[in-house]
Amino acid sequence: MYNRTPHNGLYRPEFEHDSCGFGLIAQMDGVVSHSLVQSAIDSLARLTHRGAIAADGKTGDGCGLLIRKPDGFLRAVAAESDIKLEELYAAGVVFLNSDETLASRARDELNQQLANEGLTVAGWRVVPVNPSALGEQATRSQPQIEQIFVNGDADMDEVDFNRHLYFARRRTEKVLADDDSFFVTALSCHVISYKGLVMPARLPELFPDLGDPRFTSSICIYHQRFSTNTSPSWKLAQPFRYLAHNGEINTVQGNRFWAQARGSKFASPLFDNVDDILPVVNSGGSDSQSLDNMLDVLLSGGMDIFRAMQLMIPPAWQNDPHMGEDLRASHRYHSMISEPWDGPAGIVLTDGRYAACRTDRNGLRPARWVITTDRTITLASETGVIDYPPEQVLRKGRLKPGEMLAVDTWTGELLMPADIDRMLAQRHPYESWLKQHSHYLTDIDCAAKSQAEFGEGIHGDSLRTYEKFFNLTYEELTQVLRPLADNGQEATGSMGDDTPMAVLSRQVRSIYDYFRQSFAQVTNPPIDPLRENIVMSLTTNFGRFRNVFDEIPEHAAKVTTDTPVLSRRAFQQMQALDQLGLSAEMIDLHYRPLDDGSILQQVIEGICSRAEEAIRAGKTIIILSDRTLDREQIPVPALMATGAVHHHLTRLGIRGDAQVVVETGSARDPHQIATLIGFGATAVYPFLALAAVEQIAEGEQKDPQTACANYIKGINKALFKIMSKMGISTIASYRGAQLFEAVGLHDEVVNPCFEGVTSRISGSRFIDFENDQRHLARNAWKARKVVEQGGLLKYVHGGEYHAYNPDIVRALHGAVRTGEQRYYDEFASLVNHRPPATLRDLIGISNDQTPIPLSDVEPLEAIIQRFDSAGMSLGALSPEAHESLAIAMNRLGGRSNSGEGGESIDRYGNERTSKIKQVASGRFGVTPHYLVNAEVLQIKIAQGAKPGEGGQLPGDKVNDLIATLRYTRPGVTLISPPPHHDIYSIEDLAQLIFDLKQVNPEALVSVKLVAQAGIGTIAAGVAKAYADLITISGYDGGTAASPLTSVKYAGIPFEMGLAETHQTLRLNDLRDKVRIQADGGMKTGLDVIKAALLGAESFGFGTAPMVALGCKYLRICHLNNCATGVATQNDELRKAHYHGLPEMVETYFRFVIEETRQIMASLGISTMEALIGRTDLLHLLPGETDKQGHLDLSPVLAVDESAHGKPQFCSSPRNEPFDKGEKAEQMVNDTLEAIDNKLGGIFNYEVQNIDRSIGARISGEIAKRYGNLGMADCPITLKLRGTAGQSLGVWNAGGLNLELEGDANDYVGKGMAGGQLVLYPPRASLFKSHQTTIMGNTCLYGATGGTLYAAGLAGERFGVRNSGARAVVEGIGDHGCEYMTGGVVTVLGPTGINFGAGMTGGFAFVYEPEPEHADHGFETKVNHELVEIHRMDGRVGDSQTARYAAFLRDEITHFTAATGSDWGQEFLDNFAERLPGFWLIKPKISEFETMLEQVV
Amino acid sequence: MSVAKPDNNFKFLTSERSLDKQAAPDRVTHFNEIYVPFDEQSAADQSGRCLGCGNPYCEWKCPVHNFIPDWLALVEEGRLMEAAELSNRTNSLPEICGRICPQDRLCEGACTLNDGLGAVTIGSVEKYITDTALKQGWQPDLSDVVPTGKRMAIIGAGPAGLGCADILARNGVEAVVYDRYDEIGGLLMFGIPGFKLDKDVITLRRKVFENMGIKFQLNTEVGKDISMEQLLDKYDGVFLGMGTYKFVDGGFPGEGLPGVYPALPYLIGNVREQLSMGAADSPFIDMKDKNVLVLGGGDTAMDCNRTAIRQGARSVSCVYRRDEANMPGSRAELVNAKEEGVEFLWNRQPLEIVGDDKVEGLKVVRTELGPADLNGRRSPQPIPGSEEIIAADAVLVAFGFRPNPPHWLEQFGVEFHKDGRVKVQGTGSVGQTSNPRIFAGGDMSRGSDLVVTAVHDGRNAAYAFLDSMDL
């Protein structure tokens, strides 16, 4: 079997992610047919582009079907195999090891376990398989595929039978845990599953059973997998036993832990022995599989699918203004039973009776459904996967965020979301249960009454002692805590982090510093915690967890707080909870150290035992405290204690019986508090931070209470930010999820305290931490020792090392200004001989190679082609600095990167152009013209300074030039969202890459990632998504304004990310398909050599060339006052104080490359190519400190034996997509003459959902010749019929009009710059257009111009980041016009919630007359932070109303004429009556007087 | 990483660097300080110009690494007492360094804004902080100092000795400072003219130190009035901060002529005259109505220039063998001297002082500059045939100083460099001499240098002593 996992490198199998296409088809009345199965298979094939294909070009990542049991077929084939089936029987496909001995053992075990459950194995049937359907990789790993038939006992009902099957299967799985191939797909009397590692089109070829006409069913769910994991696996193909999942469960680690922690709470009256099935959720496998495990146990335990889904994937009920109280109560009640499984999710599931679909709270995965006249429902990731004649379509729609839809094939009932909600709300009297049993912490009486009593009572000398004891520096006080105390806002910094990782440092660094926050990139989206705060919650409950299956009032016996960060008052109230039967046990974390060796580990074990005993004795709150200081004692680091106690209790299955509260002086900043919660703390009481904040307030003569409240508010916001980086919405799901990577911790620490967290290079041991704490304690009690000044953020003499310290900046300036080698040598020497500050400083290069003459080394001209400047936007940089960089790179022969924010047209085609054009989440200035003027198109997924976060260009930096380039107006604040709104999943990235390759087929597409654990896996996914280049950035970061804790605590060194990527791509035969670039703090030729040896073939430089241009590393880029004129838009600073010249950058790179060549000569290597991946030329250095000595960097240098002989670098000129876009090529052939000669014309095509990015190829051709709008006067019109694939009209240029009769999928008009898109339903349709979805999500994302008319409803995030397009549609989903900066959107019908979030330009009309419920009006759907709304009934001001009304009428007139919409006509016919039903939505900063002129 | 303060992020552009001084015609009539001190508002305004750089170049360049941006921020906020605590934490004589440090070569020279935008006038703010805080009654907070019972003798009440005593006092060690003069400060008191450093500043600082428990044994010369043996008997350690007093002569003919004076005795005589302290060993020399030539290009030469002007010299010319760009003295002092009427004769190397029985003139040869050495300084090359004689009534020689350690130190195992500097250990216990109980710092160990570096050495020697006592 292939499934050998290399353990010596950086890749880990748990880095698995998957995403995909999915669907469901069901005959609502349960009528079975073979054609239904056939339809499912066909539509699966129509989702091929959503899956991935392995390097062999044939092996898919897997696909499959989960089908209501085809009884007739199964009975027939059983009979053919002499298997006797009873009335009640089950059948299931089983994967067995290809080694027959192991297979036989597995069969015996399963037989035996089934027999033990009182079941009879009727027999085994070899499932016919056609191996020619398989690719090479799939064949290598192919299991034996057999079908088991099991007869039930006569007196069992179906539920009992399935439960016995479940128990037998679980026991077998546990016994056969060592057999990685063994897998029971689904074993049930209701459903059966066929799945395999094939591309969808080949599934029926693989399994001839599926083509058998006797194979009939009424329910079929299906799935096509795109795994970012590189080792495709048979058993991870979907669907699983009950469900198929599109998306990613971001919280899966926490969910797995909590499933374990609550082990005993899964006891069901139906389960004989719950221990037999524990753990109910496997810790390996994929997130989707874990989700299925949980569903499996819940359903087997007797829960129905509706309640199970409500528990696992609840909607965002906390902040929904329209939710009824009874339903809200039901959700709140269930939130007390389980944390959500959170993340992008479209789930289709079936138990054989119901066929259902559920979407996540944020609607991040599309689900479109169609009901036809034969009462069949089809639901899939895309519309158009089955071609129905228009006259057979009864209804169409989409699932909105947090909704569930189901059909009951027994009764024929269709359960729409509202029906299901009603059912859930009314199941029990949840409201009265809550009223009776639940409490809010704020209401609890406690001993302290006066405000004074809530003060921390730590002042003066005592405070100074605490500060020294817990290493709280002056810098932290003034730079970190003070902004929190003053403004409730985390401080911002820039220029990233140039200090060593904690393990490399010579300073005392806390254990928190060893953990790097996880962040979402590519496989799932981060959330915008500001603009989409509506989906987020920090609600924390105290109280004992109870049995999951009991739906009893006592679940509601919880005490709730709205934040896990406790004030003094809240902490005292919490200790007073014994009045409600919740009693606390205080455990002091201090101990007396011994002089000979560390006893820290034993002390931690003792703390765990005490916590366990306390819980056994009935305590329900464990307080871990380091508050009481003692001269003879030092504390266990609170984080170690927290993690250890959490894991200890989890392992015992009693974690759910108590809450863990941490009272600590060690946690003060948001990262520290998030780390405690992430490792299991229920709540944190940061007493020292609060005491310091009180002191800060006193110093400023402000109210200490307000300052403390501000501080907590600021931490709360930052917790939202940290959670949202991972795409997590609720603290309940974040808690214990361990979403960190440990960098530099020894296993002796990780195993007891942080078990399961990713930790790959070892490092500091208990003794190191103990020594540090003893050192702190010694000084703390010495009055003469002052509170340390700091140096972690800024350079302070004698403090932490900074890689861009003044010496280095000065030396670099000297080198580029004089051009003298001796100055560069001084610079290079300062860098190359610094105290170890990066991982590469502990890796040496070989010195025993035979050198070659320097003249034999390839010349600068060859090497420079591998050098890029890193993406820095015009906006971050001044235009002068931005152009200097471009000129320098172009003259040298490298490439510069535009960064986000567009580029002036007058730079195209000359030496000032950036050869790399960046596409970032804000899509500012991304037009077809921009895209065709590039050699490389870089999708910036994340940036080193703040991966997982968005950005903001403050209005005062947006001058005329920037406003023009970004298609907005000066002074308007511009927001870059945290996610790309068209990349919520890996297959979405593949789509964006396809979009870009369509508009500019010559360009290479690059994807910029930030190093983190699992990046190799992601990179493999990106390679399979057909990227040509992948940039791996380190944590270092540049000009971006970032919250301090993001600067410090996210991202890992590029060395680890690069090595992991290189190793993983090689393991999976993908290395030759994609180029890898390293980026992160590189300064010298030695850096280049080491990066190349670790696997990089190209090199990105950001900060160093900026410094060459005069940057002094002031870290004030975000304030627009850069005194060197490099990173400012201020005219005076740019004109009078910018002294940079392109020659300085050229000089710098010449020096670097010369140094590179010299080292190459010393290594005896003449070409860069021959360096790449030669880790044999690297060796580990011993390190200079104890901690450095404890590091083990060997995984960075490891080469897996299976990679021997495989390519070390990219050899393909480009990574061509599987989808050749043939229809688009045809269109170009047809229209090229009309384009070349500006003839215009009309062309007709049929389209299907597999025809993606239609129009982009032509727009690219137009833009190349005429720019964005140069052909607008003689347009080409494509008349399309059918269902368009994703990205219809993407990057549309003026001169191309698309008219579609049918419907479309996601991303219509994305990035359009001009032209017209018209969509209307087929003329023969039976449904009403204004009730029917005609296009999917994220339409007009980043559009800069053009018009879109659509007779129907659009999905979520319509007009997101629109900056110029005008659109008329008949209704839209949630988050409409989010981040919009220009254009006009007219909606002739209702919108979803959170309309206008982050909208700073343009305006919108929405038709929503007075609602039935006063509190359900449009007002409640608007995010009022930046916009104001006005009724179009005269209140706008007479003359203004009339002008806007006339404009609105014109819009509707054009729309109706273009689409023929009946709904539009109704508005025109009754315009005067309808007008007052409209709202006008405008940014608060815009003026009525000028707004209209600006958009027209 | 600074917190956005939108209201004043651009203060460095909207407010100017300011360093007000009296007009030259007024200031040459007296020996008082010439700079106009800040008031609260102007100090806050100037401090607000600080960018709070991520790389505080000022702090990096400062020999004692003052936390400059931090105390500038405190001054901006009007938190004077906190600023004073912080400023005095890293520097024992901040109000003095604020006056006499060559800021243009140190903090202000390194200031990010010193690139066309005008450096923050750090020195003036530094001076403002402690001056004003002392006026308002501030004293270093020693309330929590626990006496250690240890004692240290300090020889020399100059910047090094005072720096050492300061740290000892703050750490519970009894510090007794011996000096042969009748006031503390060493050259601060007597060598530096009052127009640069008002002598009241020294006497006030003496009070501060005395309040901190530092004892001064003045008019006491070690080796004469009290022996080293006695000190080593009585104290746990001895710190040597005796400076460099042996002046460098030019080595050319005519230096012995009447009317030729070494710089230091001249300056000391003048200060003592101003303070009416009596001549001691340096008699008052008056340049009134004389044509004066000053030889040298360092700060001592500038002090001589400006003292002679104030004494009413008819003319003062400063002769230096390199050009203006390559002179070692402070730029600010050069400007002050020029404003006050000093003429500078660059690129002239003295060859001989001519005159029969008294000075009549100076024979010089013109020079041109050769290539720069690795320190960036270019060496002068005489141009043959360009000799000339400049007429003069008096010549002040300011060529610098060499160490002149007392010979008896050798008996105690203290070792010396060839040039006479005391050897001290490098890392670990900086300041310790070859005798583990004897420490040294300042000009005595590093050679003639700045006040602030002497302070730095004295402080480090104190830390080294504390370490050696395991305190």
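**Chain contacts and salt bridges**

In this predicted model, 48 residues of chain A are in contact with 37 residues of chain B. About 3800 Å² of area is buried between chain A and chain B. A search of the whole structure finds 132 salt bridges over all chains, and two salt bridges are counted between chain A and chain B.

**The interface of chain A and chain B**

- The size of an interface is often given as the accessible area lost when the parts come together.
- For chain A and chain B, carbon and sulfur atoms give 54% of the buried area of about 3800 Å².
- Across this interface there are 15 residue pairs in polar contact, with both residues at pLDDT 80 or more.
- On the side of chain A that touches chain B, the elements giving two or more residues are helices H13 (460-469), H14 (474-487), H24 (806-818), H32 (1044-1049) and H36 (1131-1137), together with strand E18 (492-493).
- That side of chain A has 20 nonpolar, 15 polar and 13 charged residues.

**Salt bridges that involve both chains**

- Glu77(B) and Arg482(A) meet through their side chains in a salt bridge, with an N to O distance of 2.7 Å.
- Both residues belong to a network of salt bridges that links Arg482(A), Asp486(A), Glu700(A), Lys702(A), Glu77(B), Arg79(B) and Glu82(B).

**Salt bridges within chain A**

- Arg506(A) and Glu1184(A) form a salt bridge with their side chains, at 2.3 Å from N to O.
- Arg506(A) lies in the loop between E18 and strand E19 (515-517), and Glu1184(A) in the loop between strand E41 (1178-1180) and helix H38 (1186-1190), so this pair ties together parts of chain A that are 678 residues apart in sequence.
- Arg506(A) is partly exposed at 46% relative accessibility, whereas Glu1184(A) is exposed at 54%.
- Glu1261(A) and Lys1264(A) form a salt bridge in which the closest N and O atoms are 3.7 Å apart.
- These two residues sit three residues apart in helix H41 (residues 1256-1266) of chain A, which means that about one helical turn separates Glu1261(A) from Lys1264(A).
- Glu1261(A) is buried, with a relative accessible area of 9%, while Lys1264(A) is partly exposed, with 42%.
- The side chains of Arg202(A) and Glu205(A) also meet in a salt bridge, at 3.6 Å from N to O.
- Glu205(A) is partly exposed, with a relative accessible area of 32%, and Arg202(A) is partly exposed too, with 27%.

Conventions: Residues are numbered from 1 along each chain as its sequence is written. Chains are lettered from A and ligands numbered from 1 in the order in which they are written. This is a predicted model: local features need pLDDT of at least 70, side-chain atom pairs count only at pLDDT 80 or more; totals for chains, interfaces and linings use all residues. Side-chain values use heavy atoms; hydrogens and water are left out. Contact means heavy atoms within 4.5 Å. Buried area is the accessible area (1.4 Å probe) that two parts lose on being put together, summed over both. A salt bridge is a side-chain nitrogen of Lys or Arg within 4 Å of a carboxyl oxygen of Asp or Glu. A polar contact is a pair of N or O atoms within 3.5 Å; within protein, one must be able to donate a hydrogen and the other to accept it, and residues adjacent in sequence count only if both atoms are side-chain atoms. Helices (H or I, at least four residues) and strands (E, at least two) are DSSP runs, numbered from the N terminus. Ala, Val, Leu, Ile, Met, Phe, Trp, Tyr, Cys and Pro count as nonpolar, Asp, Glu, Lys and Arg as charged, and the others, Gly among them, as polar. Buried means under 20% relative accessible area, exposed over 50%, partly exposed in between (1.4 Å probe, protein chains only).
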